[in-house]
Amino acid sequence: MFKQILNRLPRKPSKSGDTLEGGGGSITSANSSNNSRKNDLARKRNVNSSDTAFSGLHPTPNSGLDYGNKVSHPVYSKLNGDIVASFEALPSFRDVPNSEKQNLFIRKLSLCCIIFDFADPTKNLKEKDTKRQTLMELLDYASTANGKFPEIVMQGIVQMVSTNLFRAFTSPPRENRVLEGFDVEEEEPSMDLAWSHLQIVYDILLRFVSSHETDAKLAKRYIDHSFILRLLDLFDSEDPREREYLKMVLHRTYGKFMVHRPFIRKAINNIFYRFIFETKKYNGIAELLEILGSIINGFALPLKEEHKLFLVRALIPLHKPKCLPTYHQQLSYCIAQFVEKDCKLADTVIRGMLKYWPITNSSKEVMFLGEMEEVLEATQPAEFQRCMVPLFRQIGRCLSSSHFQVAERALFLWNNDPIENLITQNRRVILPLIFPALEKNARNHWNPAVQSLTLNVRKIFSDTDPELFEECLHKFEEDEAQEKEIKVKREATWKRLEEIAAMKIASNEPVLVS
């Protein structure tokens, strides 16, 4: 009887979560709704974690960008101990209405913040290709955009560019490679394995900086001093393709953001100081000098004291490093620009070059002579007279060089009409300084081309001022005779010492010579 009464009482639902009759459906639906909410929350957390770098750039939940079940943000999975970023491409811009393109653009920027390891060419091939296609879409959208870029887009572009470009270089230092037996100047340049992605990122940055749709007043909040410094650090890249892109980007940045111009010049200045006086190694000196060449060309007259100090403290000391050949052409152009802007700087430049004139490096000496010719072409007579004595003492030493290219390059100065006119006007000072070198070359130099050029220069002086030429010749012969007399006397003294030493070889008495 008690059993019958108990059987009629309603039973409590089981705690095991098994599906029960009469009410099991409601529990199942409740569990499914709870699970769906948990999945939604997990999805939102995943979206937010991917977009944290954008500080709220991800689209709002009501943006309408819910395209089926495609994975729009990276999902990290563990595979053989490696973290792999696997994701699928977002829809194309052609497949969404115009009102949603901006939000899609921002999501694509977020997607491209994932960095892949290109050291293993077989790893994440699909994801790498997906990212490359996405970058191409971003480039196309940025190139064809109508209307000003909104601030949220600017922030997203700068963040994506920073994430992809700003990195530490892993190549060994130049000193290590020299110790290992590499010839640094003959070594093939190192190419970045990730260039297939980096090139498109650089194109996006270049389009962004040079676009008329970029408002400089807004963009300067993101293209700031920190961004510029990190961009300049990239000039040390081993990859010449990257340095070429950086050169274009920095030049456009300098032109668009006038507020940053003094800072850019100062930052480049500091790179030169560090290169000259500390590291002796920097890959992008030639590219930085090429940018400076166009900047110097635009300097207003009269030149500011800041610009003159830059010439004296940075550009002229750049003649010192051993790797001068890698950037000499660009440096020579910058120096010539300063002299053309202000002819009074010629004396400063010439004396500065004489300070760093090479002594044992003949190829470097030839480069100095070529650059000196360019400077002298722009030099006025008053400035020439201030520095002609130390200058032609050095040129006289070059004429006496046993290296035929050095002597030949020095003699070529007389083939330049403006320089020949300056020399002719000041021949009474210059000819006595170089006449001994000319005369010795004409008599004894081993190279026929140098002898022939020397005879031509002698003829120029003898035709222009025969009296001065004879004067110098007479003085040279006197000095030569005196030198011979001193030489004979010295040889006689040594011979006498040898005779006395031979006579007293067995004794310990000191040898006195009066």
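**Entry 1: the second largest pocket**

I looked up the second largest pocket of this predicted model and noted a volume of about 590 Å³. I took a pocket as an open set of points on a 1 Å grid over the protein atoms alone, where a 1.4 Å probe fits, with protein on both sides within 12 Å along at least five of seven lines. Grid points are joined across faces, edges and corners, and the volume is the space filled by probe spheres set on the points.

The lining holds 24 residues (each with an atom within 4 Å of a point). R167, T170, D192, L193 and A194 are the closest to the pocket centre. Helices α5 (151-165) and α7 (195-210) are the elements that each give two or more residues to this lining. I use DSSP runs numbered from the N terminus, with H or I of at least four residues for helices. By class, I recorded eleven nonpolar, seven polar and six charged lining residues; Ala, Val, Leu, Ile, Met, Phe, Trp, Tyr, Cys and Pro count as nonpolar, Asp, Glu, Lys and Arg as charged, and the others, Gly among them, as polar.

**Entry 2: conventions**

I number residues from 1 along each chain as its sequence is written. In this predicted model local features need pLDDT of at least 70, side-chain atom pairs count only at pLDDT 80 or more, totals for chains, interfaces and linings use all residues, and side-chain values use heavy atoms, with hydrogens and water left out.

**Entry 3: α17 and α20**

I next examined helix α17 (residues 381-399) and helix α20 (residues 427-444), whose axes come within 9 Å and cross at roughly 10°. Axes are lines fitted to C-alpha atoms, for helices over the stretch in contact, and angles run from 0 to 180 degrees between N-to-C directions. The crossing angle therefore makes α17 roughly parallel to α20 (under 35 degrees). Contact (heavy atoms within 4.5 Å) involves residues including F384, M388 and F392 of α17 and I430, L433 and L438 of α20. The contact residues divide into eleven nonpolar, two polar and one charged.

**Entry 4: α13 and α14**

For helix α13 (residues 305-315) and helix α14 (residues 328-341), I found axes that come within 11 Å and cross at roughly 145°. H307, F310, L311 and L315 of α13 meet L331, C334, I335 and F338 of α14. Seven of these residues are nonpolar, one is polar and none is charged.

**Entry 5: backbone exceptions**

Most residues other than glycine have a negative phi, and most peptide bonds are trans. I noted a cis peptide bond between L301 and P302, with omega about -5°; P302 lies in the loop between α12 (285-297) and α13. N124, not a glycine, has a positive phi of about 55°, and N124 is in the loop between α3 (98-111) and α4 (125-144).

How values were computed. Angles under 35 degrees count as roughly parallel, over 145 as roughly antiparallel, 65 to 115 as roughly perpendicular and the rest as oblique.
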